Amino acid sequence: MSISVLLHVDIPTPFRPAFARAGFRLCPALRENELSPILPADGSIDPARVEAVLTIGSIGLSAADMDALPNLRLICCQGVGFEKIDLDAARARGIMVTNGAGTNDTAVADHAVALLAAIVRNIPDLDRAVHRGEWQQARRTRPQLTGRRLGIVGLGNIGLKIAQRCAGGFDMEVAYHSRTPRADSDYRYCDSLDALARWADFLVVCTPGGAATRHLINAQALAALGADGFLVNVSRGSVVDTGALIDCLRRRAIAGAALDVLEGEPKVPAALLALDNIILTPHVAARSPEALDAMFERVLENVTRFFAGRPVLTPVPGMAI
């Protein structure tokens, strides 16, 4: 008998046959957010048959969701994040939780550097000006990237790859802030976020989401970054206080920002759209063909291993293998 996997995020068509061959029945029940119903209202999916759920960190799975699935044994997060998974409830039920750690680091790091270059050099506005025939009017001086100071909030795998690109490709000085220094890194460590922001010209955020980092980038941190500083966020929208950011951008208290993630996405505040010193992309940093291949291969490997009684490849921290 096949094992039913409830999909709260889509598995693209090319990847589906591999799941079927491995004995998994995919049950689409896509959710826009954590408040959407866990199962379709039409009763097309029997909750008692669901043994695994595929989700993402920004949608997650609550204790109530788990209670609605009496035979749930495995929760797979497609990407790295798992901030809205109730890990305590999962542990209490003996449900394994995995993620896609290591599968999209390269794509996210590439996108972060692209956003940084685009906002610092004002690429989107220059392109639009040329299309309008405003060649001469658009030729204003912009900062260069080479030799500047890069501050990274969260030096995990993604942060490390961003640091390597910026230090090696643009000869930037790199420093970082995290809860503890990284033992295998020679980059400068700042013991507070404000100290890092004061030091940096560019601040790139790639820390995990969740309650512990909500509004970590607040009015105080943005003030420390200063009027010549630029912010890039490729982590979670909740990490940046949107209201404080809008206020700072309006007052030119920072020079600009580039965001791939937003609080309350996919809804975008009108006040953000009205600004001319921000770049917004629709949470696509991890979406490269190579990253998608790796993510769905990791999901398949984790579910196959789990239901075969073998250790999963990437349990989230705190989950027994």
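Two strands count as paired if DSSP finds at least two bridges between them. In this predicted model, strand β3 (residues 50–55) and strand β4 meet that criterion with 4 bridges, in the parallel sense. Within this pairing, L54 has C76 of β4 as its bridge partner. On to strand β5 (residues 96–98), β4 is joined by 3 bridges, and these two strands also run parallel. Here the bridge partner of L74 is M96 in β5. Together with helix α3 (residues 87–93), strands β4 and β5 make up a right-handed β-α-β unit.

These strands belong to an open sheet of 5 strands with parallel pairing, in the order β2-β1-β3-β4-β5. Because β2 (24–28) and β5 stand at the edges with a single partner strand each, one side of each has no neighbour in the sheet. On average, neighbouring strands of this sheet are turned by 20° against each other, direction ignored. Helix α11 (residues 289–307) packs on the sheet and touches β1 (3–7), β2, β3, β4 and β5. The direction of α11 makes about 165° with that of β4.

## Side chains of β4

In a regular strand the side chains alternate between the two faces of the sheet. Strand β4 (residues 74–77) shows L74 and C76 pointing one way, with I75 and C77 pointing the other way. All of these residues are buried.

## Aromatic pairs

A pair of aromatic rings is described by the distance of the centres and the angle of the planes. The model contains 5 aromatic pairs. One of them is formed by F306 and F307, with 5.0 Å centre to centre and 90° between the planes, an edge-to-face arrangement. Both F306 and F307 are buried. Ring pairs also bring F24 into a cluster with F306 and F307.

N233 has L259 in β11 as its bridge partner.

The buried residues of α9 are T242, A244, L245, I246, C248 and L249. They pack against α8 (219–225), β10, β11, α10 and β12. The N-terminal end of α9 is capped by D241, which places a side-chain oxygen 3.1 Å from the backbone nitrogen of G243. After α9 comes R252, whose phi is positive, near 60°.

## Loop residue N277

N277 is found in the loop between α10 (270–273) and β12 (278–280). Is N277 buried or exposed? Its relative accessible area is 4%; the cut-off for a buried residue is under 20%, so N277 counts as buried.

The side chain of N277 reaches the backbone oxygen of L249 at 3.0 Å. L249 is itself one of the buried residues of α9. Residues up to four places away in sequence aside, N277 touches I119, L249, R252, I254, A255, G256 and A257. Among these contacts is R252, the residue with positive phi that follows α9.

## Loop residue H215

H215 lies in the loop between β9 (202–205) and α8. With a relative accessibility of 19%, H215 counts as buried, because the limit is under 20%. Which residues are in contact with H215, leaving aside its neighbours within four places in sequence? They are S238, V239, V240, D241 and E263. D241 in this list is the residue that caps the N-terminal end of α9.

A polar contact of 2.7 Å joins the side chain of H215 to that of E263. From A22, H215 is separated by 193 residues in sequence and by 42 Å in space, C-alpha to C-alpha.

Key: Residues numbered from 1 in each chain as written. Predicted model: local features only at pLDDT ≥ 70, side-chain atom pairs only at ≥ 80, totals over all residues. Heavy atoms only, no water. Phe/Tyr/Trp six-rings, centres within 6.5 Å; stacked < 30°, edge-to-face > 60°. Buried < 20%, exposed > 50% of the residue type's maximum accessible area, 1.4 Å probe, protein only. Polar contact = N/O pair within 3.5 Å; in protein donor to acceptor, adjacent residues only side chain to side chain. Contact = heavy atoms within 4.5 Å. Right-handed = clockwise from strand over helix to strand, strands pointing away. Axes fitted to C-alpha atoms, helices over the stretch in contact; angles between N-to-C directions.
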